[in-house]
Amino acid sequence: LNSLGFEGMYDFIYMPMNLLTKTSFTYAFINLVSADVAEQCRQQLDNYSNWQVPHSKACVALWAVQQSLEVNIERYRNSPVMHPSVPRNFKPALYKDGREVPFPPPTRELKAPKARRARK
């Protein structure tokens, strides 16, 4: 996102990962700081294919059902993906002014995630 000109314009990123294979499920959730910036990002990412790691698929950028920083925080703060056993780079991340900031603590005890196999 930074290399596309969106540095400091997002406040939440989460790319779900397969905990068994340590690979991406090939989708991500990004919350941008305004609706205008979100639309610009959606337009720039839709059909994007200039990946750092070669891949044959192009990006399909869609609006998420759940939107806003607050909704994403509430969705993930008590999620098993935030369990201490999950590597930090597999977890959702929050940003303020382009810098990562701590995620709010859970409001209940977290269960460890159940690793699942990738879909074929």
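This is a short exchange about how labels are assigned in one predicted model.

Trainee: What makes the pair arginine 42 and glutamate 39 a salt bridge?

Mentor: Take the closest N and O atoms of arginine 42 and glutamate 39: they are 2.9 Å apart. The cut-off is a side-chain nitrogen of Lys or Arg within 4 Å of a carboxyl oxygen of Asp or Glu. The value of 2.9 Å meets that cut-off, so the pair is called a salt bridge.

Trainee: Where do arginine 42 and glutamate 39 lie?

Mentor: Both are in helix 1, residues 35-45. They sit 3 residues apart, about one turn of the helix.

Trainee: Why are arginine 42 and glutamate 39 called partly exposed?

Mentor: Buried means under 20% relative accessible area, and exposed means over 50%. Arginine 42 has 23%, and glutamate 39 has 24%. Both values fall in between, so both residues are partly exposed.

Trainee: How many salt bridges does the structure hold?

Mentor: It holds 3. Another one joins glutamate 74 to arginine 77, with the closest N and O atoms 2.9 Å apart.

Trainee: Are glutamate 74 and arginine 77 buried or partly exposed?

Mentor: They get separate labels. Glutamate 74 has a relative accessible area of 48% and is partly exposed. Arginine 77 is at 14%. That is under 20%, so arginine 77 counts as buried.

Trainee: What makes glutamate 100 and arginine 88 a salt bridge?

Mentor: Their closest N and O atoms are 3.2 Å apart. The limit is 4 Å, so the pair qualifies.

Trainee: Which parts does the pair of glutamate 100 and arginine 88 tie together?

Mentor: Glutamate 100 belongs to strand 6, and arginine 88 to the loop between helix 2 and strand 5. The pair therefore ties together parts that are 12 residues apart in sequence. Glutamate 100 is partly exposed at 41%. Arginine 88 has 60%. That is over 50%, so arginine 88 is exposed.

Trainee: Why do cysteine 41 and cysteine 59 count as buried?

Mentor: Cysteine 41 is at 2% relative accessibility, and cysteine 59 is at 18%. The limit is under 20%, so both count as buried.

Trainee: Now the sheet. What is the order of the strands?

Mentor: The order is 4-1-5-6. These 4 strands form an open sheet with antiparallel pairing. Neighbouring strands are turned by 25° against each other on average, direction ignored.

Trainee: What makes strand 4 and strand 6 the edge strands?

Mentor: Strand 4 (29-32) and strand 6 (99-101) each pair on one side only.

Trainee: How do you know that strand 1 pairs with strand 4 and with strand 5?

Mentor: Count the bridges. Strand 1, residues 10-14, is joined to strand 4 by 4 bridges. To strand 5 there are 2. Pairing takes at least two bridges, so strand 1 pairs with both.

Trainee: Which residues stand opposite isoleucine 13?

Mentor: In strand 4, isoleucine 13 faces isoleucine 30. In strand 5, its bridge partner is alanine 93. Tyrosine 10 stands opposite leucine 32 in strand 4.

Trainee: Which helix packs on the sheet?

Mentor: Helix 2, residues 69-76. It touches strand 1, strand 4 and strand 5 (93-96), and its direction makes about 30° with that of strand 1.

Trainee: What makes strand 1 mostly covered?

Mentor: Of its 5 residues, 4 are buried.

Trainee: One last residue. What is glutamine 44 in contact with, leaving aside its neighbours within four places in sequence?

Mentor: Leu4 and Phe6. The side chain of glutamine 44 reaches the backbone oxygen of leucine 4 at 3.4 Å. The limit for a polar contact is 3.5 Å, so that distance falls inside it. Glutamine 44 is found in helix 1. At 37% relative accessibility, glutamine 44 counts as partly exposed.

Definitions and conventions:
Residues are numbered from 1 along each chain as its sequence is written. This is a predicted model: local features need pLDDT of at least 70, side-chain atom pairs count only at pLDDT 80 or more; totals for chains, interfaces and linings use all residues. Side-chain values use heavy atoms; hydrogens and water are left out. Axes are lines fitted to C-alpha atoms, for helices over the stretch in contact, and angles run from 0 to 180 degrees between N-to-C directions. Contact means heavy atoms within 4.5 Å. Buried means under 20% relative accessible area, exposed over 50%, partly exposed in between (1.4 Å probe, protein chains only). A polar contact is a pair of N or O atoms within 3.5 Å; within protein, one must be able to donate a hydrogen and the other to accept it, and residues adjacent in sequence count only if both atoms are side-chain atoms.
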